[in-house]
Amino acid sequence: MVTDKQLPQYVYRMRTVNRYLFDTLINGEMWFSNPSDFNDPFDCDINMKIQNSSQEKIQNYFEKYLVKHFGIKELSGIDKNRITREEFEKLINIVSKRVTQRKGVACFMSNCENLLMWAHYANSHKGISLKFDILEDIEFFSPAKKVIYTRDYPEYDYLNDKNDFVNQMFFTKSEDWEYEGEVRILKDKNGNYQFNPNSLKEVIFGCKISDGDKKTLIKIIKNYYPNTKLIQAKKNESKFGLEFNEIK
């Protein structure tokens, strides 16, 4: 996907300087979050509709697959021989949310120049940005996709579009978030995953990082990532933007 330009080769992850960041760098592992922890209430929480499927198709899917996910109490009041469309939609959305919450998601950006991103995700420019090369660790960065931003709420028919479930649920967001230019990695469950140290190409210090945090991080990087470049961001003096200079 990098070769055919569906993904950028380099992605960035902005972080606040704290013990979790130190653990990430020292242990060479990254946390993949439960989607319920995201700050957008619609993120990974799209309600699915059953729009054009026949009653026969709904009933068949319910009997073969869906009923296995529920107990007697949850199926109370439902006629198993003829489930209604509304009942089926309700059960499908319960199952989809259960599946979604077991997944792990890590969020990256396609560049590190956006001032808002530094403000929101790097502690008002007091944090850092980690630059990774996808091609140096293809296993870790799979599957990865760019987030799709849309004005309209997705109309997703589970029975007819179930092969597109992942794209719709995990990689679709409101266009209000388009400025983030997000790239996401999806794993089967949330938790820590090891990454190849060679994939970390740069550590970029925010323009307001403290001297103490910077000193500590430089020591860690030189010890665990000797080939990783150290970059300092600073305010451009003549326009709204940042400049990036390598620390020798």
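# Reading a predicted fold, feature by feature

Modeller: Let's start at Pro143, which sits in the loop between β4 (128–133) and β5 (144–146). Please keep in mind that this is a predicted model.

Colleague: Happy to. Which peptide bond is cis here?

Modeller: The bond that leads from Ser142 into Pro143 is cis, and its omega is near -10°.

Colleague: Could we step back to the whole chain? How many helices and strands are there?

Modeller: The chain has 7 helices and 12 strands. Its C-alpha trace spans about 70 × 35 × 35 Å along the principal axes.

Colleague: And how should I read contacts along the sequence?

Modeller: Look at how far apart the partners are in sequence. Here, of the contacts between residues at least 6 apart, 80% join residues at least 24 apart. Lys208 gives you a case to look at: it lies in the loop between β10 (200–205) and α7 (211–224). Lys208 and Asn123 are 85 residues apart along the chain, yet their C-alpha atoms are separated by 9.3 Å.

Colleague: Which residues does Lys208 touch, not counting those up to four places away in sequence?

Modeller: Lys208 touches Ser124, His125 and Lys126. His125 belongs to the loop between α4 and β4.

Colleague: Is His125 buried or exposed?

Modeller: The cut-off for buried is under 20% relative accessible area. His125 has 13%, so it is buried. Look at its backbone as well: phi is positive, about 75°, although His125 is not a glycine.

Colleague: What about residues in helices? Why does Val99 count as partly exposed?

Modeller: Val99 counts as partly exposed because its relative accessibility is 24%. Val99 is in helix α3 (residues 85–102). Gln168, in helix α6 (residues 165–170), has a relative accessible area of 18%, so it is buried. Beyond its neighbours within four places in sequence, Gln168 is in contact with Ile46, Pro154 and Tyr156. Over the whole chain, buried residues make up 44% of the 248 residues.

Colleague: And how do I read the surface and the charges?

Modeller: The chain exposes about 14200 Å², of which carbon and sulfur atoms supply 48%. For the charges, compare mean positions: those of the 38 positive and 36 negative charges are 4 Å apart.

Colleague: Last one: how do I think about pockets?

Modeller: Rolling a probe the size of a water molecule over the atoms shows where empty space is left. In this model, the largest pocket holds about 840 Å³ of space. It is lined by 31 residues, and the closest to its centre are Arg13, Met14, Arg15, Trp31 and Ser33.

Colleague: Which elements give two or more residues to that lining?

Modeller: They are β1 (10–15), α1 (19–27), β2 (29–32), β3 (104–109), α4 (115–121) and β8 (182–187).

Notes
Residues are numbered from 1 along each chain as its sequence is written. This is a predicted model: local features need pLDDT of at least 70, side-chain atom pairs count only at pLDDT 80 or more; totals for chains, interfaces and linings use all residues. Side-chain values use heavy atoms; hydrogens and water are left out. Helices (H or I, at least four residues) and strands (E, at least two) are DSSP runs, numbered from the N terminus. Buried means under 20% relative accessible area, exposed over 50%, partly exposed in between (1.4 Å probe, protein chains only). Contact means heavy atoms within 4.5 Å. Accessible areas come from the Shrake-Rupley method with a 1.4 Å probe; for residues, only the protein chains shown count as cover. Lys and Arg count as positive and Asp and Glu as negative; His and the chain ends are not counted. The place of a charge is taken as NZ of Lys, CZ of Arg, CG of Asp or CD of Glu. On a 1 Å grid over the protein atoms alone, a cavity is a set of points where a 1.4 Å probe fits but cannot get out, and a pocket is an open set with protein on both sides within 12 Å along at least five of seven lines; lining residues have an atom within 4 Å of a point. Grid points are joined across faces, edges and corners, and a volume is the space filled by probe spheres set on the points.
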